[in-house]
Amino acid sequence: MKQEINRFTVRFPSKSANESFARSAAAAFCAQLDPTLDELGDIRTAVSEAVTNAVVHGYRDCIGTVVMTVRLLEDSVVEIKIADKGVGIPDIEAARQPMFTTGGAERSGMGFTIMESFMDELKVKSRPGQGTTVTMKKRLNTRRYK
Amino acid sequence: MKLTKERRGPLLILRPEGEIDHHCAAALTQELTETIDEETAPQVRLDMGGVPFMDSAGLMVVVAACRRAQGLDGAFEAANVMPQPHKVLQAAGLDRKIPFVEG
C-alpha cells in the first residue's frame with residue numbers, strides 16, 4: 001500500500017458543464033507532482049471520460065451527485081476515483097469492450113478503452129441500482145515525491 | 001465553442017475553437033454538418049488547430065463531419081491536429097482512416 005501525500009475530494013451535480021470543471025480540477029491538483037504536458041493530457045482525458053459516463057449513463061434520467069477523489073501517492077502515483085449513485089452497469093465486462101455503448105448514435109463507446117489506454121490501471125465496481133465507481137491510477141515521470 | 005468557416009475555391013475549411021467534450025459535441029456536430037450541407041464543397045478540411053483538447057465525444061464529431069462530407073461525394077481531411085486530440089483519434093484508429101494534413 002503506497003503512502004498518501006495529498007488528496008482532495010469534490011462533489012458536483014451530474015451536469016455536462018461540469019465535465020470540463022472536473023478534468024481541469026484533477027489536472028490542476030496533479031500539477032504539484034510536476035507532470036509532463038502529455039501526462040496531464042492523459043489525466044484530463046481519462047477524467048473527462050469517467051465523468052461523462054456518470055452524467056450520460058449513471059444519471060441518465062436525472063441529475064445526481066458525482067464524487068471525485070484525487071490522491072497523490074508516493075512514487076509519483078496518482079489515483080483518481082469517480083463515483084456516482086446512478087443506475088449502475090449490469091455487465092461491466094461488456095461495457096468495457098471497445099465500441100460498446102447504450103448511449104445512442106452520438107456516443108462512440110470508446111470511453112473505457114480510452115481510460116484504459118491513457119492510464120496505467122482501471123478498476124470498475126458497479127451494482128445495478130446502486131451506482132458505479134471507477135478507480136484509475138497512473139505513475140508520473142516526475143522529479144518530485146520519489 | 002466557436003466555429004468559423006472559410007471557402008477557398010473547392011476547399012471548405014471549418015475551424016472549431018475550444019475543447020470538445022460531451023457538453024458541446026451535439027451542438028458542434030449539428031453546426032458542422034449543416035455548414036457542410038449548405039456549402040456542398042468538393043473538399044472539406046476540419047482545421048483542429050484551435051482544439052487543444054477533446055475526449056471520445058470529439059471522435060463522434062469528427063466522424064459525423066467526415067461522413068457528411070463523404071456522403072456528398074466530397075473529400076475530407078483533418079488539419080493541424082494538436083497532440084492530445086491526435087492521441088484520442090489514434091486510440092480509436094481514426095488516424096488510419098482520415099488523412100491528417102498541416103497548413
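Me: What should the 13 residues of helix α1 of chain A span at 1.5 Å a residue?
Reply: They should span 18 Å. In this predicted model, the end C-alpha atoms of α1(A), which covers residues 18-30, are 18 Å apart, so the two values agree.

Me: Which residues of α1(A) are buried?
Reply: Glu19(A), Ala22(A), Arg23(A), Ala26(A), Phe29(A) and Cys30(A). Around the axis they cover an arc of only 135°, which means they sit on the same side of α1(A).

Me: Why would residues three or four places apart point the same way?
Reply: Because an α-helix has 3.6 residues a turn.

Me: What covers the buried residues of α1(A)?
Reply: The cover includes β1 (4-13), α2 (37-58), β2 (65-73) and β3 (77-84) of chain A, and also α1 (22-39) of chain B.

Me: OK, the contact between the chains. How many residues does it take from each?
Reply: 21 residues from chain A and 17 residues from chain B. On the side of chain A that touches chain B, α2(A) gives the most, with nine residues. That side of chain A divides into five nonpolar, ten polar and six charged residues.

Me: New topic. Which residues touch the most other members in the largest nonpolar core?
Reply: Ala26(A), Ile82(A), Val61(B) and Ala65(B), out of 61 residues in that core. Helix α2 of chain B, residues 56-71, supplies the largest share of the core, nine residues.

Me: And what is Val61(B) in contact with, leaving aside neighbours within four places in sequence?
Reply: Ile20(B), Ala25(B), Leu28(B), Thr29(B) and Leu32(B).

How values were computed. Residues numbered from 1 in each chain as written. Chains lettered and ligands numbered in written order. Predicted model: local features only at pLDDT ≥ 70, side-chain atom pairs only at ≥ 80, totals over all residues. Helix = DSSP H or I, 4+ residues; strand = E, 2+ residues; numbered from the N terminus. Expected span 1.5 Å × (residues − 1). Buried ≥ 20, exposed ≤ 12 C-beta atoms within 10 Å, placed from the backbone. Arc of directions from axis to C-beta. Contact = placed C-beta atoms within 7 Å. Nonpolar A, V, L, I, M, F, W, Y, C, P; charged D, E, K, R; others polar. Core = buried A, V, L, I, M, F, W, Y, C linked by C-beta atoms within 7 Å.
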